[in-house]
Amino acid sequence: MEVGKIAKSDDTRINDEITASSCRLIGVDGSQLGLFAIRDAQRVADDQGLDLVEIAPNAEPPVCKVMDYGKFKYQQAMKAKAARKNQSKVEVKEMKFRPKIDVGDYETKKGHVLRFLKKGARVKITIMFRGREMAHPEQGLNVLERLAEDLKPYATVESKPKMEGRNMLMLLAPIKGAFDEDKAASDTK
(Lines give C-alpha, C1' and ligand atoms only; values in the text may rest on other atoms or scores of the structure.)
Protein backbone atom coordinates (compact mmCIF):
# COMPACT_ATOMS: atom_id res chain seq x y z
CA MET A 1 0.00 0.00 0.00
CA GLU A 2 1.27 3.45 -0.86
CA VAL A 3 2.37 5.92 1.80
CA GLY A 4 -0.40 8.40 2.60
CA LYS A 5 -3.23 6.07 1.53
CA ILE A 6 -5.57 5.05 4.33
CA ALA A 7 -7.51 1.78 4.17
CA LYS A 8 -11.19 2.05 4.90
CA SER A 9 -12.65 0.45 8.02
CA ASP A 10 -14.57 -2.14 5.96
CA ASP A 11 -11.41 -3.14 3.99
CA THR A 12 -13.06 -2.44 0.62
CA ARG A 13 -10.50 -1.07 -1.81
CA ILE A 14 -11.52 1.60 -4.29
CA ASN A 15 -9.83 3.45 -7.16
CA ASP A 16 -6.05 3.84 -6.52
CA GLU A 17 -6.12 1.45 -3.54
CA ILE A 18 -6.65 -1.59 -5.80
CA THR A 19 -3.29 -3.41 -6.02
CA ALA A 20 -4.01 -6.08 -8.66
CA SER A 21 -2.63 -5.59 -12.17
CA SER A 22 -5.84 -6.70 -13.95
CA CYS A 23 -9.47 -7.33 -13.04
CA ARG A 24 -12.77 -8.64 -14.31
CA LEU A 25 -14.88 -5.51 -14.79
CA ILE A 26 -18.61 -5.18 -14.17
CA GLY A 27 -20.43 -2.09 -15.48
CA VAL A 28 -22.84 0.21 -13.63
CA ASP A 29 -25.83 -1.72 -14.98
CA GLY A 30 -24.35 -5.06 -13.79
CA SER A 31 -23.20 -6.20 -17.23
CA GLN A 32 -19.91 -8.09 -17.62
CA LEU A 33 -17.44 -5.91 -19.51
CA GLY A 34 -14.58 -8.45 -19.53
CA LEU A 35 -10.94 -8.49 -18.42
CA PHE A 36 -9.24 -5.09 -18.10
CA ALA A 37 -5.91 -3.80 -16.87
CA ILE A 38 -6.51 -1.77 -13.68
CA ARG A 39 -5.44 1.48 -15.43
CA ASP A 40 -7.99 0.90 -18.21
CA ALA A 41 -10.73 -0.08 -15.74
CA GLN A 42 -9.98 3.06 -13.71
CA ARG A 43 -10.23 5.16 -16.91
CA VAL A 44 -13.69 3.60 -17.67
CA ALA A 45 -14.87 4.54 -14.16
CA ASP A 46 -13.38 8.07 -14.37
CA ASP A 47 -15.04 8.70 -17.77
CA GLN A 48 -18.43 8.02 -16.12
CA GLY A 49 -17.56 10.10 -13.05
CA LEU A 50 -17.81 7.03 -10.79
CA ASP A 51 -15.55 4.88 -8.58
CA LEU A 52 -13.86 1.57 -9.32
CA VAL A 53 -14.68 -0.74 -6.37
CA GLU A 54 -13.07 -4.13 -5.73
CA ILE A 55 -16.04 -6.36 -4.80
CA ALA A 56 -14.38 -9.80 -4.91
CA PRO A 57 -10.69 -9.38 -3.98
CA ASN A 58 -10.03 -13.13 -3.55
CA ALA A 59 -11.20 -14.09 -7.05
CA GLU A 60 -8.60 -14.76 -9.76
CA PRO A 61 -8.47 -12.15 -11.26
CA PRO A 62 -10.24 -9.87 -8.72
CA VAL A 63 -13.71 -8.61 -9.65
CA CYS A 64 -14.20 -4.84 -9.77
CA LYS A 65 -17.37 -2.86 -10.37
CA VAL A 66 -17.97 0.68 -11.62
CA MET A 67 -20.31 2.40 -9.12
CA ASP A 68 -20.93 5.45 -6.96
CA TYR A 69 -19.18 4.31 -3.77
CA GLY A 70 -20.84 6.92 -1.51
CA LYS A 71 -24.31 5.86 -2.66
CA PHE A 72 -23.35 2.19 -2.24
CA LYS A 73 -22.19 2.78 1.38
CA TYR A 74 -25.42 4.69 2.13
CA GLN A 75 -27.58 1.83 0.80
CA GLN A 76 -25.59 -0.70 2.85
CA ALA A 77 -26.12 1.40 5.99
CA MET A 78 -29.88 1.64 5.31
CA LYS A 79 -30.13 -2.15 4.83
CA ALA A 80 -28.29 -2.74 8.11
CA LYS A 81 -30.55 -0.24 9.90
CA ALA A 82 -33.69 -1.94 8.52
CA ALA A 83 -32.38 -5.35 9.62
CA ARG A 84 -31.77 -4.05 13.16
CA LYS A 85 -35.23 -2.44 13.25
CA ASN A 86 -36.98 -5.70 12.33
CA GLN A 87 -35.01 -7.65 14.93
CA SER A 88 -37.10 -8.58 17.95
CA LYS A 89 -35.44 -8.21 21.31
CA VAL A 90 -36.76 -10.46 24.09
CA GLU A 91 -36.89 -8.56 27.33
CA VAL A 92 -36.45 -10.15 30.74
CA LYS A 93 -38.40 -8.38 33.47
CA GLU A 94 -37.94 -9.12 37.15
CA MET A 95 -40.53 -9.31 39.93
CA LYS A 96 -39.45 -9.67 43.56
CA PHE A 97 -41.50 -11.47 46.18
CA ARG A 98 -40.98 -12.24 49.88
CA PRO A 99 -41.63 -15.70 51.37
CA LYS A 100 -44.35 -14.37 53.73
CA ILE A 101 -46.19 -12.25 51.13
CA ASP A 102 -49.71 -11.08 51.93
CA VAL A 103 -52.62 -12.19 49.71
CA GLY A 104 -53.30 -8.66 48.38
CA ASP A 105 -49.64 -8.04 47.59
CA TYR A 106 -49.40 -11.45 45.92
CA GLU A 107 -52.40 -10.71 43.66
CA THR A 108 -51.01 -7.28 42.72
CA LYS A 109 -47.59 -8.64 41.83
CA LYS A 110 -49.18 -11.55 39.94
CA GLY A 111 -51.07 -8.93 37.88
CA HIS A 112 -47.79 -7.18 37.05
CA VAL A 113 -46.19 -10.49 36.01
CA LEU A 114 -49.23 -11.22 33.82
CA ARG A 115 -48.90 -7.77 32.18
CA PHE A 116 -45.21 -8.42 31.42
CA LEU A 117 -46.03 -11.83 29.94
CA LYS A 118 -48.80 -10.28 27.82
CA LYS A 119 -46.23 -7.92 26.27
CA GLY A 120 -44.09 -10.95 25.35
CA ALA A 121 -41.37 -10.49 27.97
CA ARG A 122 -39.85 -13.31 29.98
CA VAL A 123 -40.16 -12.77 33.73
CA LYS A 124 -37.59 -13.65 36.37
CA ILE A 125 -39.30 -14.24 39.72
CA THR A 126 -37.08 -13.67 42.75
CA ILE A 127 -37.94 -14.64 46.32
CA MET A 128 -35.77 -12.62 48.70
CA PHE A 129 -34.97 -14.20 52.07
CA ARG A 130 -33.83 -12.15 55.06
CA GLY A 131 -32.38 -13.26 58.37
CA ARG A 132 -34.14 -16.29 59.83
CA GLU A 133 -36.29 -16.75 56.73
CA MET A 134 -33.31 -18.67 55.29
CA ALA A 135 -34.16 -21.51 57.67
CA HIS A 136 -37.47 -22.06 55.76
CA PRO A 137 -36.77 -22.08 52.02
CA GLU A 138 -39.87 -24.22 51.50
CA GLN A 139 -42.02 -21.09 52.13
CA GLY A 140 -40.40 -19.41 49.13
CA LEU A 141 -40.77 -22.56 47.07
CA ASN A 142 -44.49 -22.65 47.94
CA VAL A 143 -44.92 -19.06 46.68
CA LEU A 144 -43.14 -19.89 43.40
CA GLU A 145 -45.14 -23.10 42.87
CA ARG A 146 -48.40 -21.26 43.61
CA LEU A 147 -47.48 -18.52 41.10
CA ALA A 148 -46.49 -21.07 38.43
CA GLU A 149 -49.83 -22.86 38.96
CA ASP A 150 -51.85 -19.60 38.81
CA LEU A 151 -50.12 -18.56 35.55
CA LYS A 152 -50.15 -22.02 33.94
CA PRO A 153 -52.51 -20.97 31.07
CA TYR A 154 -50.26 -18.02 30.18
CA ALA A 155 -46.68 -19.04 30.96
CA THR A 156 -44.32 -21.97 31.14
CA VAL A 157 -41.59 -22.40 33.74
CA GLU A 158 -38.39 -21.98 31.73
CA SER A 159 -36.07 -22.64 34.66
CA LYS A 160 -37.16 -24.43 37.82
CA PRO A 161 -36.81 -22.69 41.22
CA LYS A 162 -33.24 -22.70 42.50
CA MET A 163 -31.37 -21.02 45.34
CA GLU A 164 -28.68 -18.43 44.62
CA GLY A 165 -27.30 -17.02 47.83
CA ARG A 166 -30.18 -15.48 49.79
CA ASN A 167 -32.52 -15.52 46.78
CA MET A 168 -34.61 -18.21 45.11
CA LEU A 169 -35.08 -17.72 41.36
CA MET A 170 -37.50 -19.01 38.71
CA LEU A 171 -37.88 -17.92 35.07
CA LEU A 172 -41.26 -17.77 33.30
CA ALA A 173 -41.73 -17.51 29.53
CA PRO A 174 -45.02 -16.50 27.85
CA ILE A 175 -46.96 -19.12 25.88
CA LYS A 176 -47.48 -17.97 22.29
CA GLY A 177 -51.15 -17.33 21.54
CA ALA A 178 -52.21 -17.60 25.21
CA PHE A 179 -53.44 -14.01 25.27
CA ASP A 180 -55.22 -14.14 21.89
CA GLU A 181 -58.50 -15.35 23.47
CA ASP A 182 -58.42 -12.42 25.92
CA LYS A 183 -57.98 -9.95 23.03
CA ALA A 184 -60.76 -11.59 21.00
CA ALA A 185 -63.10 -11.47 24.02
CA SER A 186 -62.37 -7.77 24.67
CA ASP A 187 -62.89 -6.91 20.97
CA THR A 188 -66.44 -8.34 20.97
CA LYS A 189 -67.55 -6.14 23.90
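Buried means under 20% relative accessible area, exposed means over 50%, and partly exposed lies in between (1.4 Å probe, protein chains only). The views show a predicted model, in which local features need pLDDT of at least 70, side-chain atom pairs count only at pLDDT 80 or more, and totals for chains, interfaces and linings use all residues. Residues are numbered from 1 along each chain as its sequence is written, and side-chain values use heavy atoms, with hydrogens and water left out.

View A. Helices (H or I, at least four residues) and strands (E, at least two) are DSSP runs, numbered from the N terminus. In H1, which spans residues 38–47, the buried residues are Ile38, Ala41, Gln42 and Ala45. These residues lie on the same side of H1 because they cover an arc of only 100 degrees around the axis (taken from the directions from the helix axis to the C-beta atoms). Exposed Arg39 and Asp47 sit on the face turned away from that buried side.

**View B. A salt bridge between Glu133 and Arg98.** A salt bridge is a side-chain nitrogen of Lys or Arg within 4 Å of a carboxyl oxygen of Asp or Glu, and the N to O distance for this pair is 2.7 Å. Glu133 lies in the loop between strand S6 and helix H4, and Arg98 in the loop between strand S5 and helix H3, so the pair ties together parts that are 35 residues apart in sequence.

View C. Glu107 and Lys110 meet at 3.4 Å, N to O. Glu107 is partly exposed at 39% relative accessibility, whereas Lys110, at 19%, is buried.
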